[in-house]
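Please look over the structure below before reading on.

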Amino acid sequence: MALIKTENLTLSYENMTVIKELSFEVNGGDYLCIVGENGSGKSTLIKALLSLKKPESGSLELGDGLKRREIGYLPQQTGAQRDFPAGVGEVVISGCLNSRGIKPFYSRREKTLAAENMERLGIAGLKKRSYRELSGGQQQRVLLARALCATRKLLLLDEPVSGLDPMVTAELYSLIGDINKSGVTIIMVTHDISAALKYASHILCLKSDSWFFGTTDEFIQSDVSDFVTGGSVNG
C-alpha cells in the first residue's frame, strides 16, 4: 500500500491555484524528487504533505500505517535558524518530540536513537558543540539526524544542499542515498536536476500549468525533461 497517495489534488496559494488535479503516489522505499520552476507550487505541496495546507479539492491520503507526526522533515534553513544557540545533542534529540506526548523527560530509547543517528551521520563527536558554531554541511547533518529521530519510514527534504559547496553537497547526497537504501522513503524538493536523475527512482515535475509524474527513466524519455534540462538529457 502506498505511503502517500494523491488523487486530483488541487492546491492554492494566496487565492491563486498553483497545483491542479495532481495525482501521484509514493511507495515504501521510493526516492521521489520534486522539481520545477519557481512558483509552480513545490512549497505549497510540501505544506500539504505536512498537513499545514488544506486541499481546495481532491484528496491526499497517508497509508501503510504512516502518521503525519512520523514524517521526518528537513526544511530550508533561514539565517536565524543557522544561528540557533543550542547544543548539537539537544537539536538531534528534539526530533523525538512529536512522538513523546506529554512526558517531561526523554526516555532511554530516545537517547539511544539520537546517539545512533548521530553516529550514522558522522557527527557523534560534535554532540557537545554549539550548533551555531558548525559549518553549513555539519549543520545539515545535524538536522538530518534530527529528522531521522522522528521517523523510520519517510523523510521529507526541502532543498537540503542549498548553499553548500560541491564537495559537501556530494557527501550529503551520498548520505541521503544510503538512508534510502536502508529502507527509508525519500521525498526531496530540489533544483539540482542532475542529482535528481542520479539518485531518484521517481520524478514529480511541476509547471505553472501542468505536471508530470513517473519513473526517472520515463521522465528522461518525456518532453518534460527538455523543459527542465534545456534538452541536455536527451541530447
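Helices and strands are named here as DSSP runs, a helix having at least four residues and a strand at least two, with numbers that start from the N terminus. The model is predicted. With that naming, α1 is followed by S51, a residue whose phi is positive, near 65°.

**Helix α1 and the residue after it**

- Helix α1 spans residues 42-49 and is mostly covered, with 6 of its 8 residues buried.
- Those buried residues are K42, T44, L45, I46, A48 and L49.
- S51 sits in the loop that runs between α1 and β4 (57-62).
- The phi of S51, near 65°, is a positive value in a residue other than glycine.
- S51 has a relative accessible area of 38%, so S51 counts as partly exposed.

**Helix α7**

- Helix α7 covers residues 166-181, which makes 16 residues.
- From the first C-alpha of α7 to its last the reach is 22 Å, close to the 22 Å expected at 1.5 Å a residue.
- At the start of α7, the backbone nitrogen of M167 has a side-chain oxygen of D165 within 3.1 Å.
- The buried residues of α7 are T169, L172, Y173, L175, I176, G177, I179 and N180.
- An α-helix has 3.6 residues a turn, so residues three or four places apart point the same way.
- After α7 comes G183, which has a positive phi, near 115°.

- Two packed helices are described by the angle between their axes and the distance between the axes.
- For α5 and α6, the packing angle is about 140° and the axes are 9 Å apart.
- Angles over 145 degrees would count as roughly antiparallel, so α5 is instead oblique to α6.
- On the α5 side, the contact is made by L113, A114, N117, M118 and R120.
- On the α6 side, A145, L148 and C149 make the contact.
- The crossing in which α5 passes α6 is right-handed.
- For α6 and α7, the axes come within 10 Å and cross at roughly 15°.
- Because angles under 35 degrees count as roughly parallel, α6 is roughly parallel to α7.
- The residues of α6 that meet α7 are G137, Q140, R141, L144 and L148.
- Their counterparts in α7 are V168, E171, L172, L175, I176 and I179.
- The crossing of α6 and α7 is right-handed.
- L148 of α6 takes part in the contact with α5 and also meets α7.

- G137 belongs to helix α6 and is buried, its relative accessible area being 12%.
- Setting aside residues up to four places away in sequence, G137 touches L164 and V168.
- G137 and F105 are 32 residues apart along the chain, and their C-alpha atoms are separated by 30 Å.
- Q140 is also part of helix α6, and at a relative accessible area of 6% Q140 is buried.
- With residues up to four places away in sequence not counted, Q140 touches L74, Q77, P160, L164 and L172.

- E159 is in the loop between β6 and α7.
- The phi of E159 is near 50°, a positive value in a residue other than glycine.
- Is E159 buried or exposed? At 11% relative accessibility, E159 counts as buried.

**T216 and helix α9**

- T216 is in helix α9, which covers residues 216-221.
- T216 has a relative accessible area of 6% and is therefore buried, since buried means under 20%.
- A polar atom of the T216 side chain lies 2.6 Å from the backbone oxygen of A200.
- Apart from neighbours within four places in sequence, T216 is in contact with L197, A200, S201, H202 and I203.

Technical notes: Residues are numbered from 1 along each chain as its sequence is written. This is a predicted model: local features need pLDDT of at least 70, side-chain atom pairs count only at pLDDT 80 or more; totals for chains, interfaces and linings use all residues. Side-chain values use heavy atoms; hydrogens and water are left out. The expected span of a helix is 1.5 Å times one less than its number of residues. Buried means under 20% relative accessible area, exposed over 50%, partly exposed in between (1.4 Å probe, protein chains only). A polar contact is a pair of N or O atoms within 3.5 Å; within protein, one must be able to donate a hydrogen and the other to accept it, and residues adjacent in sequence count only if both atoms are side-chain atoms. Axes are lines fitted to C-alpha atoms, for helices over the stretch in contact, and angles run from 0 to 180 degrees between N-to-C directions. Angles under 35 degrees count as roughly parallel, over 145 as roughly antiparallel, 65 to 115 as roughly perpendicular and the rest as oblique. A crossing is left-handed if the near helix is turned anticlockwise from the far one by less than a right angle, and right-handed if clockwise. Contact means heavy atoms within 4.5 Å.
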